[in-house]
Amino acid sequence: MLDVAEQRYAEGELTNEEVSVIDAEGWRGTPMSTVAAWLGELPPIAGIDAVVAWCVQHDVEPALASLAWQPVADAIAKRHGLTANGGPRVRVVGSDYDGTVAEHFNEYDKRDRALQFAAEHGVSIDHCCAIGDSRSYLPLFAAVPTSLALNAGAAARAAASAAVDTKDLRDVIPWLEAWKAALH
């Protein structure tokens with residue numbers, strides 16, 4: 001059911017809020033500790049740590065703006081040295097997820113939080129870029145001067161400045177280097 005909902009979201013037939021309600025139901029009764037253990041085993045895209053290291057070396061804050069549930073985004077961010085910035089929340093009762101949405105977070109929230117994050121860190125939007133894979137990045141892609149569609153669907157590709165298909169995130173480093181060089 002979730003796969004169908006995700007596909008319908010990708011095609012613009014459902015909102016993120018509608019998909020979140022469907023997805024949250026799957027979390028019902030699951031202990032937070034169980035989800036944390038699952039997330040510890042989540043396989044990352046190859047090269048993520050090298051890209052984060054490149055960002056740190058080049059004074060670029062690698063922030064994760066995601067529509068993934070906060071526990072997922074937080075786990076990925078913590079594991080790889082990214083700054084988590086957003087995501088919907090599943091309600092917690094005691095130490096279990098109850099299957100309802102505690103806080104919605106959509107593609108406009110993703111954009112707004114990213115812009116707020118930049119402003120709070122004194123970074124002009126002219127010095128920001130975005131890398132994303134789906135239509136949930138469209139508002140953010142429109143707000144920043146340059147963007148990269150990574151393993152993305154048609155809508156994200158059409159909205160982005162460039163596109164890369166890869167199984168190794170290190171393949172985005174040349175794009176990042178060109179972006180960084182253009183800032184000077």
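The legends below describe close-up views of a predicted model.

View 1. With a relative accessible area of 16%, Thr146 is buried, because the cut-off for a buried residue is under 20%. Its side chain forms a polar contact of 3.4 Å with the side chain of Ser161. Apart from residues up to four places away in sequence, Thr146 touches Cys128, Cys129, Ala130, Ser161, Trp175 and Trp179.

**View 2. The buried and exposed residues of helix 4.** Helix 4 comprises residues 48-57, and within this helix Ile48, Val51, Val52, Trp54 and Cys55 are buried. These residues lie on the same side of helix 4, because they cover an arc of only 155° around the axis. An α-helix has 3.6 residues a turn, so residues three or four places apart point the same way. Val56 and Gln57, on the other side of helix 4, are exposed. The cover over the buried residues of helix 4 includes helix 5 (70-80) and helix 9 (173-182). After helix 4 comes Asp59, which has a positive phi, near 55°.

**View 3. Ala24 in helix 2.** Ala24 is part of helix 2, which consists of residues 16-25. Ala24 counts as buried, since its relative accessibility is 0%. Beyond its neighbours within four places in sequence, Ala24 is in contact with Trp69, Gly99, Thr100 and Val101. Between Ala24 and Arg170 the separation is 146 residues in sequence, and their C-alpha atoms are 33 Å apart in space.

Methods
Residues numbered from 1 in each chain as written. Predicted model: local features only at pLDDT ≥ 70, side-chain atom pairs only at ≥ 80, totals over all residues. Heavy atoms only, no water. Buried < 20%, exposed > 50% of the residue type's maximum accessible area, 1.4 Å probe, protein only. Polar contact = N/O pair within 3.5 Å; in protein donor to acceptor, adjacent residues only side chain to side chain. Contact = heavy atoms within 4.5 Å. Helix = DSSP H or I, 4+ residues; strand = E, 2+ residues; numbered from the N terminus. Arc of directions from axis to C-beta.
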